[in-house]
Amino acid sequence: MKKLINNPNDVVDEMIDGYVKAHPKQVRRLKENKRSIVIASQTRANKVGVLIGGGSGHEPAFMGYVGKGMADGVAVGNIFASPPPAPIVEATKAIDKGNGVVYIYGNYAGDIMNFGMAAELAELEEDIDVELVVVNDDVASAPNNEKEKRRGIAGEFFVTKASGAAAEMGYSLKEVAEVARKTNDVTRTMGVGLSPCYLPQTNEPSFILEDNEMEIGLGHHGEPGVEKGELQEADKVADRLVQDILNDITISKGDKVAVLINGLGSTTKMELYIIFRRVEQILTEKGIGIYRSFVGNYSTSLEMGGCSVTFTKLDDELMKLIDAEADCPMYAQL
């Protein structure tokens with residue numbers, strides 16, 4: 001696989017270097033740790049901080065979502081690997097305004113361990129209150145009665161969006177964390193993989209699929225899905241993804257949802273809008289309203305082919321938070 005890189009071992013640091021230099025009015029890198037990025041502008045006094053993070057390779061997640069109305073900071077890991085505690089702690093110190101920080105991260109062993117350790121260090125050594133929120137929206141990764149085992153994937157965008165807006169509106173630490181958990185609880189994602197990604201260090205595919213194959217429920221790092229089979233037409237794929245979501249969470253006639261059609265890296269917007277077209281048809285037939293829609297690359301896996309569908313069931317509070325303005329280098333809603 002051809003890639004425009006220099007030394008494969010330097011891709012993450014060179015990406016961060018280019019990113020902060022491209023967007024100096026919005027983000028800055030901390031001198032204390034080169035993997036800690038925070039909002040460049042001065043945030044409101046006493047504002048609760050929102051910190052996100054995870055492995056590289058998912059851009060625009062995670063570092064693309066630092067900005068007003070979203071996250072205040074991000075800790076950046078190696079490709080598909082959790083950041084260690086050090087950059088998490090440094091970012092925490094930089095964004096804390098005296099009312100604590102909420103950590104939002106996916107349900108992966110490395111993230112759970114490292115963000116948990118960072119929270120302990122922040123509280124014990126820096127006297128910063130920290131709330132931990134683990135995102136686990138991936139329907140395919142575990143059954144409904146074992147939701148605590150599910151992976152966090154594209155739904156983290158909505159959790160970050162709602163939490164960042166709540167913090168901007170002056171919610172307390174406990175209230176921001178409550179919003180994050182509430183959003184996670186009503187968010188479900190189901191995806192399909194069409195082709196693998198290639199890690200820069202190895203240039204080997206993350207998984208193997210034949211040209212005529214697809215895999216339902218494939219993870220963002222190439223984790224096995226629930227079903228591998230022959231490639232189907234877009235409408236049939238959308239039907240399957242939507243049905244699996246609606247089988248997992250009760251969304252009834254008259255309810256409203258936010259919908260995210262997320263590309264995994266190499267799938268074109270043409271294809272994503274074709275998927276959205278069918279998703280909208282299904283929801284309209286069921287009397288479920290689409291309150292706000294998002295189509296594009298929001299959480300990728302390098303150049304992986306495929307997409308995911310995410311629904312977040314909205315109440316009045318979440319509609320307000322999803323509607324709120326946001327201004328980040330890789331995402332803006334004004």
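Begin by selecting Leu-121, which is partly exposed with a relative accessible area of 31%; here buried means under 20% relative accessible area, exposed means over 50%, and partly exposed lies in between, with a 1.4 Å probe and protein chains only. The model in your viewer is predicted, so local features need pLDDT of at least 70 and side-chain atom pairs count only at pLDDT 80 or more, whereas totals for chains, interfaces and linings use all residues. Residues are numbered from 1 along each chain as its sequence is written, and side-chain values use heavy atoms, with hydrogens and water left out.

**Stop 1: around Leu-121**

Leu-121 sits in helix α3, where helices (H or I, at least four residues) and strands (E, at least two) are DSSP runs numbered from the N terminus. Show its contacts, meaning heavy atoms within 4.5 Å: leaving aside neighbours within four places in sequence, Leu-121 is in contact with Pro-85, Val-89 and Glu-126. If you then select Val-135, you will find it 14 residues from Leu-121 in sequence and 22 Å from it in space, C-alpha to C-alpha.

Next, move to Asp-127, in the loop between α3 and β6 (130-135). Asp-127 counts as exposed, at 67% relative accessibility, and it has a positive phi of about 60° although it is not a glycine. Most residues other than glycine have a negative phi, and most peptide bonds are trans.

**Stop 2**

Because Tyr-105 lies in strand β5 (residues 101-106) and Phe-115 in helix α3 (residues 109-126), the pair ties together parts that are 10 residues apart in sequence. Tyr-105 counts as buried at 2% relative accessibility, and Phe-115 is buried too, with a relative accessible area of 0%.

**Stop 3: Phe-157 and the cores**

Now select Tyr-65, Phe-157, Phe-158, Phe-294, Tyr-298 and Tyr-331, which ring pairs link into a cluster. Keep Phe-157 in view: not counting residues up to four places away in sequence, it touches Tyr-65, Met-70, Leu-260, Phe-294, Tyr-298 and Tyr-331.

Phe-157 also belongs to a nonpolar core, which is a set of buried Ala, Val, Leu, Ile, Met, Phe, Trp, Tyr and Cys residues joined through side-chain atoms within 4.5 Å. The largest such core has 52 residues, and of these Ile-37, Ile-104 and Phe-157 touch the most other members. Helix α4 (residues 156-168) gives the most to this core, with 7 residues. The core draws at least three residues from each of domain 1 (10-186 + 323-333) and domain 2 (187-320), with domain bounds that come from an automatic or database domain assignment. A second, separate core of 28 residues includes Val-139, Val-237, Leu-272 and Val-309.

**Stop 4: two loops**

Select the loop between β3 (49-56) and β4 (73-79), where Pro-60 is found; Phe-62 is also placed in the loop between β3 and β4. The peptide bond from Glu-59 to Pro-60 is cis, with omega near 15°, and the bond from Ala-61 to Phe-62 is cis as well, with omega near 5°.

Then go to the loop between β11 (289-296) and β12 (305-314), which holds Ser-299. Is Ser-299 buried or exposed? Ser-299 is buried, with a relative accessible area of 7%, and, not counting residues up to four places away in sequence, it touches His-58, Ala-61, Ala-154, His-220, Asn-262, Gly-263 and Leu-264. Leu-302 lies in the loop between β11 and β12 too, and its phi is near 50°, a positive value in a residue other than glycine.

**Stop 5: the whole chain**

Finally, zoom out and colour the two domains. Their C-alpha centres lie 23 Å apart, and 36 residues of domain 1 are in contact with 42 residues of domain 2. The protein has 8 helices and 14 strands, and of its 334 residues 55% count as buried. Along its principal axes the C-alpha trace spans about 55 × 50 × 35 Å.

Definitions and conventions: Rings of Phe, Tyr and Trp (its six-membered ring) pair if their centres lie within 6.5 Å; planes under 30 degrees apart count as stacked, over 60 as edge-to-face and the rest as tilted.
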